[in-house]
Amino acid sequence: MTVVLVDPRRPSLVPVDAIALLSGDVQYTEEMPVKVPWSLPAARPAYEGEDAPVLLSSDPDHPKVKARLEAGEKVISAPGPQPGDRLVDAVAMMDRLRTTGPWEAEQTHDSLRRYLLEETYELFDAVRSGDANEVREELGDVLLQVLFHARIAEDATQHAFTIDDVADSLVRKLTNRAPAVLAGESVSLDDQLAQWEERKADEKRSRGAVSAMDDVPTGQPALALTQKVVQRVTAAGLPVDLIPEQMTSILVTLGDDAENTLRSATLEFMDTVRKVEHAVAASRRPDDVPEVLDIAPLGVVTEEEWRAHWPTLAAESESEPDMEPEAEAEPVESEEPEASDESDDSDEPAEESSEPAEADQT
């Protein structure tokens with residue numbers, strides 16, 4: 001006599017040890033989906049007739065199950081709950097809401113943007129508060145947004161994807177960026193971070209990214225955007241003194257929009273970085289190579305290249321030779337009055353020439 005307990009979430013998945021037992025006389029409890037007993041050659045409800053050699057159920061608290069377990073019958077159970085099991089339930093629930101809920105059916109990626117931002121800020125506040133219950137709840141709200149966006153993408157007529165595709169992308173990324181840790185190797189913190197950044201750079205190159213500003217989300221708050229941009233350009237070798245003061249020093253005054261001021265300065269700086277990168281690429285291109293190949297990844301840009309093509313510095317270096325003739329011209333003009341003072345003309349011109357001198361002093 002045996003009791004076979006299956007997972008209530010996946011009742012059709014039967015433990016391997018129980019497969020041979022289900023070919024004979026089997027009883028099942030009423031919560032089992034009808035497709036399960038129908039797939040068995042000799043299955044009948046638990047309330048019919050005498051006890052069968054095998055009782056199939058997904059409810060360990062069912063009276064029939066408890067009675068047979070108390071009698072000492074053998075138990076074959078499916079594996080217990082695994083991490084992520086409830087995520088499957090959440091995915092199924094999101095699918096039901098999307099297909100039957102009037103409000104959920106109307107939503108788009110764009111209409112949900114503000115909710116995603118709000119939930120992210122609420123999670124940020126929960127983490128800051130240190131309240132574990134709040135953190136758990138807000139993480140659930142952020143997860144809802146992930147599931148919702150993935151379910152919307154599933155309905156797309158072009159480039160559709162599912163929540164499994166999202167998870168697959170994440171698994172692939174982590175596998176690529178942290179292979180040593182995932183392989184169980186001993187690795188230091190510095191080595192792990194270096195490996196992560198190296199793999200990340202390789203991914204960008206494989207996607208055809210050509211600028212340090214690629215993939216920087218400009219929709220984030222201005223301060224976060226500026227911090228991200230500064231991190232990117234310093235990692236790309238840009239001299240820190242080329243970063244404008246408007247980005248590194250924030251002045252908040254009454255009546256001024258500090259958010260917009262900082263964002264505008266940062267976006268303008270991002271445009272400048274892209275132009276300089278393009279100029280560097282053009283300067284490296286041999287004469288016999290077409291200009292279209294300037295879109296190829298730059299690789300390492302030296303400090304000298306940044307400075308040589310940075311707009312303000314380049315303009316100053318071009319204007320320096322033009323200033324030398326002007327500097328030489330001033331002494332020539334100043335010598336003319338001295339020559340007139342040495343002349344032997346009458347006193348009247350001398351008196352007239354003294355009046356402008358007095359005017360200059362005033």
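What is the accessible surface of the chain, and what percentage of this surface belongs to carbon and sulfur atoms? In the predicted model, the accessible surface comes to about 24800 Å², and carbon and sulfur atoms contribute 55% of that area. The chain contains 15 helices and five strands. Of its 362 residues, 26% are buried. Among contacts with a separation of 6 or more, 56% are accounted for by residues 24 or more positions apart.

A nonpolar patch on the surface is formed by Leu87, Leu143, Val146, Phe161 and Val166, which together have about 350 Å² of accessible area. Phe161 is located in the loop between α6 (132-154) and α7 (163-177).

Ala150, by contrast, is placed in helix α6 and is buried, with a relative accessible area of 3%. Beyond residues up to four places away in sequence, Ala150 touches Phe161, Thr162, Ile163 and Val166; of these, Phe161 and Val166 also belong to the nonpolar patch. Between Ala150 and Asp95, 55 residues apart in sequence, the C-alpha to C-alpha distance is 10.0 Å.

Helix α12 comprises the 27 residues 258-284. Buried positions in α12 include Leu262, Ala265, Thr266, Phe269, Met270, Thr272, Val273, Val276, Val280 and Ala281. Arg263 and Glu277 in α12 are likewise buried. In an α-helix, residues three or four places apart point the same way, because there are 3.6 residues a turn.

Notes
Residues numbered from 1 in each chain as written. Predicted model: local features only at pLDDT ≥ 70, side-chain atom pairs only at ≥ 80, totals over all residues. Heavy atoms only, no water. Helix = DSSP H or I, 4+ residues; strand = E, 2+ residues; numbered from the N terminus. Buried < 20%, exposed > 50% of the residue type's maximum accessible area, 1.4 Å probe, protein only. Contact = heavy atoms within 4.5 Å. Areas by Shrake-Rupley, 256 points an atom, 1.4 Å probe, with all protein chains shown as cover. Patch = residues over 30% accessible without salt bridge, like charges linked within 9 Å, V, L, I, M, F, W, Y side chains within 5 Å. Salt bridge = Lys/Arg side-chain N within 4 Å of Asp/Glu carboxyl O. Expected span 1.5 Å × (residues − 1).
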